Amino acid sequence: MGKTLWHQTLPMAVGVMALLGFNLIDSIFIARLGTQPLAAQSFTFPVATVIIGVQVGFGIAIAALISRALGADEPARARRLGSLVLLGGSAAMLLLLLVLWLLEPIIFRLLGANEATMVLIHQYWGPWLLASWIGALLYLGYSLFRAHGETRLPGRMMVLTSLINLVLDPVLIFGVGPFKGWGLAGAAWATLIAFVIGLLVLAQSLSRRDWLSASGLRQEAGASLARFMSIALPAMASQLLPAVSALAATGIVARLGEAAVAAWGLAARLETFVILVVLGLTMSLPPWLGRSFGAGRWQEIRALMNLAARVVLVWQLVLGIVLSAAAMPLAGLLAGNEEVRGMLAMLLHFMLPSYAFLGICMLVVSACNALGWPRRAVTVSFMRLFVCYLPCLSLGAWLGGLMGLGIGAAIGNVLAGVLAWWNYRRILGDKGRESSDMISGQQHERLS
């Protein structure tokens, strides 16, 4: 089991590392433009969390429904579901991004951006939203591959698009030869070009697999829409809660100054990079859990979750302690401004070890969605952010400024991880037996 989990998680972890490298690489280059462009990009981070939350909700529903259909030996239904979620998800993401484009001035004034920063954000906003839509299409395609147990191609595609972005970033931001570059907007255009190339390659790979169907879609939509939305909407809610939290956290940090916003934005991007193994597990584990759920193998589910939790705790604690000890040189690599560099190092020193407990919480949310407990996933996410994280963050900033902010974030993560695992262990017995009885009944009906 451990070997299989490793082989499925490693490609996704490498791919996630490359994909998250987009934002981190962009931030490193943009930091060379100055504090104000970096702050402008940092103001878009909470909005990016909203976009990612919606697309991840669709991805969770794709993985859950298709993996369950495959586990129940219904390949034709899995093909119909694949076509429906790709078409519906693409349209829904386009609508969301059009709304965000129209709400640009309202969003960033509420976040506390000044007029000079608003000008920079406006240059970045249009191409960045377009790149986000193409990136969402890519993510939906990756989710379809993961639902079928194929993680290598998505991992390789994430690496490919990240490398293209790395090459294009300095050219489009700073320019080369007579081309002067587009500054902050160049980072968005580099990401857009990389995603378009990745989407073309993914579409070609998908055309060679019998995973989609053009027939029976209307009937399947009528039969499966309610079930899909019962998974997707709570999953989106649990993923959108971090976006609401990120908006509130940015408002708290903005009161500490523009340099603090820039440092917080870099810390947020590094956070997602540091927990890449956790993110890889949240992508590779749900399809396996979904297939086990479809077949009624609850002992396997318990063993998988215990194994994944041990991996997350040990890996993230060791990595967090090592990186925390090297916080100052690490901040020097990321930030060009001395003030931002010092603030970033202080945040990293306290926050990095706490990501082990954040990882446990993310694992529980992912498992709850895969096992058909979406409301529990929303509850765990809500408690993590609004009972543990934001109160500790706000209290820490009020009592101790930037240092208090870092300490509060760390305490919030620890409390969230402990509470999430306790909640998971409490509900697994009763819910597991209920779901197991339900699956057994369905299998008996099919045999009859």
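**Figure 1. A nonpolar patch on the surface of the predicted model.** Leu-95, Val-99, Trp-101, Leu-102, Leu-103, Ile-106 and Leu-110 together form a nonpolar surface patch with about 750 Å² of accessible area. Patches are built from residues with over 30% relative accessible area and no salt bridge, like charges being joined within 9 Å and nonpolar side chains (Val, Leu, Ile, Met, Phe, Trp, Tyr) within 5 Å, and accessible areas come from the Shrake-Rupley method with a 1.4 Å probe, only the protein chains shown counting as cover for residues. At least two residues of the patch come from each of α4 (75-102) and α5 (104-110), and α4 gives the most, with 4 residues; helices (H or I, at least four residues) and strands (E, at least two) are DSSP runs numbered from the N terminus. Leu-102 lies in helix α4 and counts as exposed because its relative accessibility is 62%, where buried means under 20% relative accessible area, exposed over 50% and partly exposed in between (1.4 Å probe, protein chains only). The model is predicted, so that local features need pLDDT of at least 70 and side-chain atom pairs count only at pLDDT 80 or more, while totals for chains, interfaces and linings use all residues. Residues are numbered from 1 along each chain as its sequence is written, and side-chain values use heavy atoms, with hydrogens and water left out.

Figure 2. Glu-220 is buried, with a relative accessible area of 6%, whereas Arg-80 counts as partly exposed at 22% relative accessibility. Glu-74, Arg-77, Arg-80 and Glu-220 are linked in a network of salt bridges, and a search of the whole structure finds 6 salt bridges.

Figure 3. The side chains of Arg-209 and Glu-150 meet in a salt bridge with an N to O distance of 2.9 Å. This pair, too, links distant parts of the chain, with Arg-209 in the loop between α8 (184-207) and α9, and Glu-150 in the loop between α6 (115-147) and α7 (152-174), 59 residues apart. Arg-209 counts as partly exposed at 26% relative accessibility, and Glu-150 is partly exposed with a relative accessible area of 25%. In the other pair, Arg-109 and Glu-115 are joined by a salt bridge at 3.9 Å, N to O; Arg-109 is partly exposed at 48% relative accessibility, while Glu-115 is exposed, with a relative accessible area of 51%.

**Figure 4. Phe-108 in the largest nonpolar core.** The largest nonpolar core has 137 residues, and those with the most contacts inside it are Phe-108, Trp-128, Trp-264, Leu-289, Leu-393 and Leu-405. Helix α6 gives the most to this core, with 17 residues; a nonpolar core is a set of buried Ala, Val, Leu, Ile, Met, Phe, Trp, Tyr and Cys residues joined through side-chain atoms within 4.5 Å. Leaving aside neighbours within four places in sequence, Phe-108 is in contact (heavy atoms within 4.5 Å) with Phe-43, Thr-44, Val-47, Ala-113, Met-118, Ile-121 and Trp-125. Phe-43 is also one of the buried residues of α2, a helix (residues 35-43) that is mostly covered, with 7 of its 9 residues buried.

Figure 5. Asp-169 lies in helix α7 and counts as buried, with 0% relative accessibility. When residues up to four places away in sequence are not counted, Asp-169 touches Ile-25, Asp-26, Phe-29, Phe-174, Gly-186, Ala-187 and Ala-190.

Figure 6. Cys-368 is buried at 1% relative accessibility, and Cys-392 is buried with a relative accessible area of 18%.

Definitions and conventions. Salt bridge = Lys/Arg side-chain N within 4 Å of Asp/Glu carboxyl O.
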